Amino acid sequence: MAKIVLKVGSNLLVKEDAIDKTYVMKLVSLVDELMGSGHQVAIVSSGAAASGRALLAFKGHSKSLLSKQALCAIGQPKLMEIYQQAFSFYNRQVAQILLTRDDFNNRQRFLNLRNTLIGLSELGIVPIVNENDTISVDEIKFGDNDVLSAMFSICWGADYLFLMTSVDGVIGEDGTVIENYPIDIQNVKIAELGKTSFGSGGIFSKIAAAKIAVESGVDSYVINGRNLECVKKILRRAKCGTRFVTSKQRRLSKRESWVKYISKPKGTVYINEGARTALLNRKSLLPVGVVDVEGKFEKGDVVLLAHGEEILGRGITNYSADEIQRIKGLRTSEIPEEIYTYDEVVHADNVILEIKTL
C-alpha cells in the first residue's frame, strides 16, 4: 500500500471568501476511501487566511504581512475544525502540523518530524499540514504550499504527491495536457495560466515542487482537484493529469534530498584544485584541501563547497567554521587532538555535486 500526499490549494478550497465545505467533504470522502483500501494519506492544505476572512467578514486581500499573519492565526483553528467535522463523519481523527522552512533546515528537527509522522501513521490519524504563517517571515517562509508539499513528501517517505489545481494538468502551448513532463529537459514550452485570485503559487511553482519530489523518489502529478477520481485512476496505473518523469536511473536518498533541496547552507568552504579534483571523483574533502572559510556554522550544518567563483555543490560539515580555520591546509595527522573528530572535513557520502557559478 502507498503513502499519498494530497496538496490542495486555496483555489479549490475557497468559494466566495470562505472555505467550501462541500468540496472539503468530497476530499475527505476520497481520503477515507483510500485509507479504507490500506493507503496512508496526508493533506497539505491552504485556506487559513480565507477562514480568517470569513470569520471577520473581512473583505479584500490585505497586502500587509501583519494582517495576513493575523488572519491566518484566526482562521487556522476554524480550518482544522472544518476538517475535523468532515473526518468525524467517517470516524477518523486528524492532527494539525504547522511548519516553517526552519523545521526542515535543521536536520534534528527534520528527523523529529519524521518520527512524529511515523507515530501518527501507526495510530491511523490523518496529518493536515500547512505553513505556519503566523510566525513565518521571508527568511523561513516557503512562499507557497507547493514547495512545502514536496519537502513534506520527502520527509514522510511518500510514494505519491498529487498537486491539485483547477486545470487538468500542465497545459502545453498547443492547449493540450502534457501527459509526461520530463524534468531533465529545460524550457519545456507550456501555457502560462497565471495564479488564481486566492492562490499564492501557479503552475511554475507546481513544476518546481514536482521536480524536487521526483528526483527524491516521489511519483508526482499535477491533476485537476475537481476531478478527484483522477487520484484513484493513477493508483490503478491509468493515465490522468500530468506525470513528472526523469531519465535518471538513481534517485536521491532522503539524506541527499535533504542536503540538496531542503537544507539552507550556513556558510562556504573554499577549496584548492586538488580538493576540487577529489570531490569530482567522489572522494572526501580533507583539511589539506581547504583554503578558506566564510560564514558562521557548526558541526552538522550544510555548507557550500566552492573553488574560486565556482560552486561545486553542498555538503554536511564535520567541523565548525572556527575549527576549519584552525585546520585548513593541514594533513589529517596534524589536526590538534583537542578538536579532532573525523579525518574528513566533509565525507564523500555527505556531498551533493551541483556545479554552478557564484
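Predicted model: local features only at pLDDT ≥ 70, side-chain atom pairs only at ≥ 80, totals over all residues.
A disulfide is a pair of cysteine sulfur atoms within 2.5 Å. The bond joins C230 to C240, with an S to S distance of 2.1 Å. The link between C230 and C240 is left-handed, with -130° about the S-S bond. Distant parts of the chain are linked by this pair, for C230 belongs to helix α9 (residues 229–235), while C240 sits in the loop between α9 and β10 (242–245), ten residues apart.

**Burial of cysteines**

Residues count as buried when their relative accessible area is under 20%.

| Residue | Relative accessible area | Class |
|---|---|---|
| C72 | 8% | buried |
| C155 | 0% | buried |
| C230 | 2% | buried |
| C240 | 16% | buried |

**Helix α6**

Helix α6 comprises 17 residues (residues 107–123). At 1.5 Å a residue the helix should span 24 Å, and the end C-alpha atoms of α6 are 25 Å apart, which agrees. The buried residues in α6 are R107, F110, L113, L117 and L120. Viewed down the axis of α6, the buried residues fall within an arc of 140°, and therefore they line one face of the helix. On the face turned away from this buried side, α6 carries the exposed residues N115, E122 and L123.

Which elements cover the buried residues of α6? The cover includes the strands β5 (94–99) and β6 (126–131), together with the helices α5 (101–105), α7 (145–156) and α10 (254–262). After α6 comes G124, whose phi is positive, near 75°.

**Annotated binding site**

An unreviewed UniProt entry lists S46, D133 and N145 under "binding site". These residues are spread over 100 residues of sequence, yet they cluster in space, the largest C-alpha distance being 10.8 Å.

D133 is located in the loop between β6 and α7. D133 counts as buried because its relative accessibility is 17%, under the 20% limit. N145 lies in helix α7 and is likewise buried, with a relative accessible area of 7%.

What does N145 touch, leaving aside residues up to four places away in sequence? Its contacts are K7, V44, S45, S46, N130 and E131; S46 is also listed for the binding site in the UniProt entry.

How values were computed:
Residues numbered from 1 in each chain as written. Heavy atoms only, no water. Helix = DSSP H or I, 4+ residues; strand = E, 2+ residues; numbered from the N terminus. Buried < 20%, exposed > 50% of the residue type's maximum accessible area, 1.4 Å probe, protein only. Expected span 1.5 Å × (residues − 1). Arc of directions from axis to C-beta. Contact = heavy atoms within 4.5 Å. UniProt positions renumbered as here; feature names shortened; annotations may be inferred.
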